[in-house]
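Please open the model in a viewer and keep its sequence at hand.

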Amino acid sequence: QVQLVESGGGLVQAGGSLRVSCAASGRTFSDYHMGWFRQAPGKEREFVAAISWSGASTRYADSVKGRFTISRDNARNTVYLQMDTLKPEDTAVYYCAAERRARTRVVPTTRYEYEYWGQGTQVTVSS
């Protein structure tokens, strides 16, 4: 199975930027579609962005479209989430997730479709 470790979270002011990363190990990274989800206190875990195994296809939640960018570097076994124009409502624990491309040709966008998860990294946006 694949192991996922997020990093790069922190405290940022509203309007600022932050990039979180997720390093994968244990399996061939390009065998997996990758996704980012987030969970705020008292709320369910929600989809943020996803990218296909090759990087050719990306999907975004409406709430982050135009502000966040997902990318991946298969040579470095890492997926990134660049977050710009951050808002206080973006405050959450951000999780990366992986799903084998052999199981689905379409980039997954729901948490139920992802098999592997990281431990999360906290992102706090102050107003």
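The tour visits a sheet and then a single residue.

This is a predicted model, in which local features need pLDDT of at least 70 and side-chain atom pairs count only at pLDDT 80 or more, while totals for chains, interfaces and linings use all residues. Residues are numbered from 1 along each chain as its sequence is written, and side-chain values use heavy atoms, leaving out hydrogens and water.

**The sheet**

Select β1, β3, β8 and β7, given here in their order within an open sheet of 4 strands with antiparallel pairing. Strands are DSSP runs (E, at least two residues), numbered from the N terminus, and two of them pair if DSSP finds at least two bridges between them. At the edges lie β1 (3-7) and β7 (68-73), each pairing on one side only. From one strand to the next, the twist averages 15°, an angle between axes fitted to C-alpha atoms, on a scale from 0 to 180 degrees between N-to-C directions.

Next, select residues 18-25, which are strand β3; 5 bridges join β3 to β1 in the antiparallel sense. Show S7 and its bridge partner in β3, S21.

**Residue R38**

Now move to strand β4 (residues 32-39), where R38 is found. Is R38 buried or exposed? R38 is buried, because its relative accessible area is 6%; buried means under 20%, exposed over 50% and partly exposed in between (1.4 Å probe, protein chains only).

Finally, display the side chains of E46 and Y94. The R38 side chain makes a polar contact of 2.6 Å with that of E46 and another of 3.0 Å with that of Y94. A polar contact is a pair of N or O atoms within 3.5 Å, where within protein one must be able to donate a hydrogen and the other to accept it, and residues adjacent in sequence count only if both atoms are side-chain atoms.
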